[in-house]
Amino acid sequence: MKHLINTFLVLCLFLVSCSQNSDEEWNSDTSNVPEVQTVGFRFTRASLETFAAHGITEIGIYVYLSDSLVYGENLPLNDGNLEVDVPLGERLQTFAVANADRLERTDSLSKVILYQDLQAQKEIYLSEVTEFMSDRTVSRVNLELKRIVGQATFQPAESGEDIAAITQFDRLNMVFTNVGIGYMVNTGECIQEDVEISADLASGFSASVYSFPTTGQNSTGLDLIYIKDGQEVNRTKRVLDTNITFETSKHTVVSIRVLDESYLQESFTRNRILKTAINQGLTIKEYNF
């Protein structure tokens with residue numbers, strides 16, 4: 001009997017010990033979980049009207065502690081009422097973006113880059129980097145997104161009748177040099193590349209390109225490539241100096257006479273003469289094609 005009582009006491013002590021250890025482990029686990037605060041993000045009425053006009057239904061929200069990302073997601077617009085959880089009691093920085101194709105290096109505010117979708121040609125909107133404290137005195141952060149791209153459009157200077165009568169080519173490729181394809185959020189520095197846009201008679205051989213601001217960087221030129229039945233038949237002698245520098249919300253229109261042979265590598269008139277001469281059984285050696 002005494003042996004059974006001792007065994008029972010040992011078992012009780014073991015169970016109490018296990019219960020205490022479990023409580024200590026649970027308390028230890030929960031104490032390591034950082035406290036968070038729910039912060040709302042609101043947008044100005046002007047921003048909401050712009051979103052509606054451009055069919056924007058999603059907003060990217062990015063929040064940083066010092067230079068490190070603590071939150072970054074695309075959220076449904078929800079009539080401009082967004083909420084996210086952020087670390088409590090910290091000085092944080094945030095920005096919002098809409099219509100960007102992608103963001104790279106988002107883990108660091110000093111390195112994050114916006115890129116545009118060159119084919120979609122969407123207007124991109126960005127807020128300023130805004131600082132706030134997550135100390136429960138701030139429950140809402142107000143942001144205003146503004147257009148962050150400019151636009152350049154090429155159009156032939158010829159009349160509509162002259163354009164419709166063109167037989168020398170059926171497609172025009174426009175190479176815009178030094179277009180701002182990427183934008184560093186923290187510094188405003190622009191990443192430039194050449195962008196090629198194609199247009200045919202249906203568009204009047206006219207096309208546009210969007211760019212992040214390039215003021216203070218290399219200006220944009222234009223190279224025209226003439227296509228006939230899928231083959232290049234002519235092009236400009238060199239990149240045409242248009243002196244375009246892209247500015248936010250600025251639209252520049254460039255008009256050039258596409259049939260003006262003074263700046264083309266080959267004369268369309270000579271091409272037609274040569275074709276006629278070959279059809280007549282003649283060879284004209286002075287033309288180098």
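Predicted model: local features only at pLDDT ≥ 70, side-chain atom pairs only at ≥ 80, totals over all residues.
1. Start with strand β2, residues 58-65. The strand is mostly covered. Of its 8 residues, 6 are buried.

2. Strand β2 pairs with strand β3, which spans residues 68-76. The sense is antiparallel, and the pairing runs over 8 bridges. For one point of reference, look at Tyr 62: its bridge partner in β3 is Gly 72.

3. Check the turn of this hairpin. There are 2 residues between strands β2 and β3. Ser 66 takes a positive phi near 60° there.

4. Strand β2 also pairs with strand β5, residues 91-98. This pairing is antiparallel too, over 6 bridges. Here Tyr 64 of the pairing stands opposite Gln 93 in β5.

5. Now turn to Asp 223. This residue lies in strand β16, which covers residues 220-228. Is Asp 223 buried or exposed? Its relative accessible area is 11%. The cut-off for buried is under 20%, so Asp 223 counts as buried.

6. Which side chains make polar contacts with the side chain of Asp 223? One is Arg 235, at 2.9 Å. Another is Thr 236, at 2.5 Å.

Methods. Residues numbered from 1 in each chain as written. Heavy atoms only, no water. Buried < 20%, exposed > 50% of the residue type's maximum accessible area, 1.4 Å probe, protein only. Helix = DSSP H or I, 4+ residues; strand = E, 2+ residues; numbered from the N terminus. Pairing = 2+ DSSP bridges. Polar contact = N/O pair within 3.5 Å; in protein donor to acceptor, adjacent residues only side chain to side chain.
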